[in-house]
Amino acid sequence: MKYMILTYASQQDYDGMAGKDTGKPAWAAEDFVAMGAFMEKFNNELQESGELVETRALAAPVLTRRFGSKDGQAVVTDGPYAETQEVLAGYWIVECESFDRATEIAARLADTPAPEFVRATAYADIRPIVEGRDELVG
């Protein structure tokens, strides 16, 4: 079964990682390096176990474009969204034996190096991937 592990961040989080003033402590360069090293190791371990299908980080919310409609007309809105609104920051698609195993994998993300104020609010969602229409209604 395939599962998607989703992580979230706000524009304020991205700005903090870039060292910009956000009203919260900026990330130290060593924090960012440690996070990168952790993610590389995490991804390599999943690749070696055969469980990693794909993973990607996403650009900052300020670079987002949202499409919708209003009164039957297409509406396109460029970022940024509210500075503190959380949006999808990255994802992993894993293929593993069970929802519990996917949850175990996601739980390892709690060890990601980051400033404590970031770690205190970090979370991940784990969702089964639907392979066909019948799974949506079954």
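Trainee: In which helix is the place of valine 137?

Mentor: The model under discussion is a predicted one. The helix that holds valine 137 covers residues 133-137. That helix is α5.

Trainee: Does valine 137 count as buried or exposed?

Mentor: A residue counts as exposed when its relative accessible area is over 50%. For valine 137 the relative accessibility is 74%, and therefore this residue counts as exposed.

Trainee: Which residues form a nonpolar patch on the surface?

Mentor: The patch has about 330 Å² of accessible area, taken over its members together. Valine 137, placed in helix α5, belongs to it. The residues that form the patch are Val130, Leu136 and Val137.

Trainee: What pattern does the chain follow along the sequence?

Mentor: The secondary structure comprises five helices and six strands. Read in sequence order, these elements give the pattern β-α-α-β-β-β-β-α-α-β-α.

Trainee: What percentage of the residues of the chain count as buried?

Mentor: To count as buried, a residue must have under 20% relative accessible area. The chain has 138 residues, and the share that counts as buried is 30%.

Trainee: How far apart do the centres of the positive and negative side chains lie?

Mentor: The chain carries 13 positive and 24 negative side chains.

Note on methods:
Residues numbered from 1 in each chain as written. Predicted model: local features only at pLDDT ≥ 70, side-chain atom pairs only at ≥ 80, totals over all residues. Heavy atoms only, no water. Helix = DSSP H or I, 4+ residues; strand = E, 2+ residues; numbered from the N terminus. Buried < 20%, exposed > 50% of the residue type's maximum accessible area, 1.4 Å probe, protein only. Lys, Arg positive; Asp, Glu negative; His and termini not counted. Charge placed at Lys NZ, Arg CZ, Asp CG, Glu CD. Patch = residues over 30% accessible without salt bridge, like charges linked within 9 Å, V, L, I, M, F, W, Y side chains within 5 Å. Areas by Shrake-Rupley, 256 points an atom, 1.4 Å probe, with all protein chains shown as cover. Salt bridge = Lys/Arg side-chain N within 4 Å of Asp/Glu carboxyl O.
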